[in-house]
Amino acid sequence: MHCGMAQDTTVPKLNFKFWLDKAIEWGQATTLESQKDVCLHLPQLQEFLHQTYETLKHMNSIAAIQQFPLIGQLLGRLCWNPFVVGYDESQKTLMWCLCCLYSSEPQNPVELKANSWIRSLLCHLLSSSKWERIEAETSTFISALGYTSADYYCHLVENIVSSLVTELRENQFNELNIQERISVSRVNAVSLFCLPLITLPDLTPLLETLLLYHGGASKEILSSEFLEAVNDAVLKKKISLSESAIFSLWHRHLPSLESATLSLLDQLTSLQINSLEKVACVIKDSLLPQAASHPAIFRIVNEIFKNALLETDGAPEVMTIIQVFIQLFIQVQQNENKQHKFPLKAYFPHHHQPLVIALLRRPFELPSTHWLQHLKHISDTLKSIVEDTNVSSFADLYEIWFLVACFGEWLDIAAEQLMKAAVAPDALLWLLAFYYCPQNENQQRTQTMVESQAVYSRLMMLYNRTVLSFGDLQASVNNAADTEQCHTQCLITHLLTNFLLFSSGGHMIAQEFISHITETTDMSKEVCSLLIRTAYRIKHNGGENQRTVKLLNELLQKLAVEV
Amino acid sequence: MTNLRPCWLGLVLVPGARRVLRSNRRRQGCQRGVMEAVLGQVAELPALLAVSRSALVRDWDPPTLDRALEWARYFQHLHDRFRSRPQLRDALRRRLRRGEAGSPLSFRHLGGCSELLGLALLENRALPPAACRRLLQRLLQGEAGFELGRLAPLARRKAASYLLEGSALFPGKPGPRVCAEAGLLLCRLREDGREAGAALGWLGPVLEQLPQPRAFAVVAEALLRQGCGGGDGDSSAGGQAGGAEAGSVAGALLSWLLEDLHRFSACSLLLPGTLLASLAGRYAQLSRRYLDLLAEWGSHLLYDPLQGRWVKSRSEEAKLCWEELRERFGCLCQGSVQLREQTQAALKLLKARDGDFQVCGLSVWTDLLLEVEEDLRKKQSPNV
């Protein structure tokens, strides 16, 4: 009764001709080309089958065949393609479609024949006899024992998988015996056959063995379609593999690693970040910090982050994500009790090693009284690299800048110390100036340094005032706030925000002033990021007074509402 | 089958039985009566399964099919309820076994009833279209509380086994199908637990469903697995109980294999020497019988002085030629120390019986022993 309606909206979408041609081309998927092509089309085919079923279930069988004359041929061919039947939920949809076409009251020989054919197909899919032919022998034996084909194939797949796993593992260690070596093409074929079956839990041992399999050849043995499909399933949490298998996958297949990293970035940038706890959680779940213990993986992830930062013009959210990642990466490194850790140079091959070592020290490893000294050391080392050696190209400068930026914790502490320390060396301000304005061929950094020094001096004069008015503060920073230089504005905002958080008089006017900043400048994202980072840092390192903590929470809540 | 309407179709006890089971009044007598009723129903299971595979289904209409599937669900429900209650479970088991002689029906048939019935009906071409349509709806589309459950993974696994079976080499080992069949056979035998001896009733007829070479391969694989320290991972009983059960499972299989001389003889001819040697190493009864059999076959070899070697006599009992016999004995001697010594002792005895000749060409046992001992010497000092 609703066939007419259905016809108008769905026929254009259901391209039977295309899929039937494909199915004919694939045959029973016996050649490598046809197998690869099937694998490529599996997801779309499943979607097509699903849509077909959704249409069919509202029709009776006769109407269905009249409207979709090619459907019989198509379903028949697909049922004989093991890749299609083995994939995800395609077999369910195929069977449901067949059920829809079955006629409960066949009126003529054609319908009878169709019914019979449908039953044959279902038996082919579900009975215990072999795929290629109907043999009675095993079936009667199994059902006499009280088991069904479901039990049988459960056992059979388990046996096949454990057999293959054993064979592959033995071959791994059997390097001397060349005769027994499993050929590279066979392993490649096996990996392709596994592609539709990735989400079948029985296959997990085989997937892991394949991912950890190294045949000694320099080229990748496993099919790239397979590796991509496994990565996809892992990222979508459709399967769970051991960590070593996942790391092996990323190590041997660059596109998978890239995909995983980009997927992590996508996930994080779409989150409403109001606390870094969530960010840390998501990053840890992704297993990338753990995988990055392997230098090759670390270097690639680092590159991707570098590019992402460039592409987003240094967006503070992205910078924060990278900083958290690096923190977690270091944590993993320190927690692992590995026999042989890789040398530092493996992770940071192009960098000045003393600088790297200095940056890698985590703040909590040093007593807070040593922080000033350490920061000065970092700043001096950095200065000597940047000013004394020949850092000419932008690319080189960016490399160094990125290294420092990754360890943002120290930068934040520098800004904090500038407020809290009785006497803070110039080096700290220089460090921040470098961060916000790395280039200096036109003396931009020098200029920034000068301007922010002025603001800083004025802030220091106000620091110990217990009562401070909005006007007072406004007056102090007014000149500087006029600067058109974005870098300088960023640095000054950073100093200001810290001032408001940590000074005695600042906290009274903090809400008001920060609102002012976010309204009159476009520094709201920077301020937000800074507050979130500070909250995270305080939570993990502690040692901050209650007033500041309370203020921080209030500010964050207000910002969360505004965003 | 002469009755057109098996009595289970007429039974309306189902809902009532459940209600009474829950009742607390007049417990003792009532429960006994109810239990009797349940046992009576369960006794109909063989008939139900048999009918589902027969041409009698051609008279079924959709309501009949529904009833059959409901019965299957009811049996499944019984299985689930009684699974953790050993006494009731055993009572059901005994009742099922009381059926036709050689019927392998067990408690597990109750558990898998829905699936057994559903798939059997699917494959039964006599089922008329309307009933079949109803079956398809219930089986595959998950209506009326029928689980699609394992059928989707089934189709998937079947495709998986087709894809992967061709890839593996399985050199010198039994194929995965034989292993799967052996696994299921063991599962079934282990379910009988200590009463595996009772398996003798059904084991023969069931194994006859397979062609003989296959049956031997399956039984051999099952015996190998059972012999590995009381079964592999799916053996649920541990410790001493496990030992007794394992013993009776292996016992049942060995009995089948050894009770009939023709069968054992055929088996020993069909299975490879290495496999038989492994089995002989694990099972003393088998090693004895095997050695006896080899002795029998060896006695039919005659020495041909013109060719300078042993040949088969014309008689029908001469099954193995010299090379094959030698290979068999060789395999036995590559087994455990115990087996090797047993084999050598047997050869020495046979040699002595023949006259204890030291020279070649007079007694096949002398020659065999010489060759076997030569092999052992070579193995111990391969550089020579």
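This is a predicted model: local features need pLDDT of at least 70, side-chain atom pairs count only at pLDDT 80 or more; totals for chains, interfaces and linings use all residues.
Residues are numbered from 1 along each chain as its sequence is written, while chains are lettered from A and ligands numbered from 1 in the order in which they are written.

**Chain B as a whole**

- Chain B contains 19 helices and two strands; helices (H or I, at least four residues) and strands (E, at least two) are DSSP runs, numbered from the N terminus.
- Of the 384 residues in chain B, 49% count as buried.
- Among the contacts in chain B with a separation of 6 or more, 69% come from residues 24 or more positions apart; a contact means heavy atoms within 4.5 Å.

- Helix α10 of chain B covers residues 176–191, which makes 16 residues.
- From its first C-alpha to its last, α10(B) reaches 22 Å, close to the 22 Å expected at 1.5 Å a residue; the expected span is 1.5 Å times one less than the number of residues in the helix.
- In chain A, helix α25 (residues 426–436) has 10 of its 11 residues buried, so this helix too is largely enclosed by the rest of the structure.
- The buried residues of α25(A) include L428(A), W430(A), F434(A) and Y436(A).
- Among the elements that cover the buried residues of α25(A) are α19 (316–335), α22 (371–388) and α26 (444–462) of chain A.

**The interface between the chains**

- At the interface, 60 residues of chain B are in contact with 69 residues of chain A.
- About 6200 Å² is buried between the two chains, with carbon and sulfur atoms giving 67% of this area; buried area is the accessible area (1.4 Å probe) that two parts lose on being put together, summed over both.
- The rule finds one salt bridge across the interface of chain B and chain A; a salt bridge is a side-chain nitrogen of Lys or Arg within 4 Å of a carboxyl oxygen of Asp or Glu.
- The side chains of D202(A) and R157(B) form a salt bridge, at 2.5 Å from N to O.
- D202(A) lies in the loop between α11 (184–194) and α12 (204–211) of chain A, and R157(B) lies in helix α9 (residues 151–165) of chain B, so the pair joins two chains.
- Both D202(A) and R157(B) are buried.

**Other salt bridges**

- Over all chains, a search of the whole structure finds 32 salt bridges.
- D375(B) and R326(B) meet through their side chains in a salt bridge of 3.3 Å, N to O.
- This pair links distant parts of the chain, with D375(B) in helix α19 and R326(B) in helix α17 (residues 322–333) of chain B, 49 residues apart.
- D375(B) is partly exposed, with a relative accessible area of 31%, and R326(B) is partly exposed as well, at 21%.
- K17(A) forms a salt bridge with D21(A), and their closest N and O atoms are 3.0 Å apart.
- K17(A) and D21(A) both belong to helix α2 (residues 16–26) of chain A and are four residues apart, about one turn of the helix.
- D21(A) has a relative accessible area of 38% and is therefore partly exposed.
- A network of salt bridges links D66(B), E70(B), R73(B), R134(B) and R138(B).

**A nonpolar surface patch**

- F357(B), V359(B) and L362(B) make a nonpolar surface patch of about 280 Å²; patches are made of residues with over 30% relative accessible area and no salt bridge, like charges being joined within 9 Å and nonpolar side chains (Val, Leu, Ile, Met, Phe, Trp, Tyr) within 5 Å.
- F357(B) is found in the loop between α18 (337–354) and α19 (364–380) of chain B.
- With a relative accessible area of 34%, F357(B) is partly exposed.

**P295(A)**

- P295(A) lies in helix α18 (residues 295–311) of chain A and is buried, with a relative accessible area of 5%.
- Not counting residues up to four places away in sequence, P295(A) touches F342(A), A346(A) and Y347(A).

Definitions and conventions: Side-chain values use heavy atoms; hydrogens and water are left out. Accessible areas come from the Shrake-Rupley method with a 1.4 Å probe; for residues, only the protein chains shown count as cover. Buried means under 20% relative accessible area, exposed over 50%, partly exposed in between (1.4 Å probe, protein chains only).
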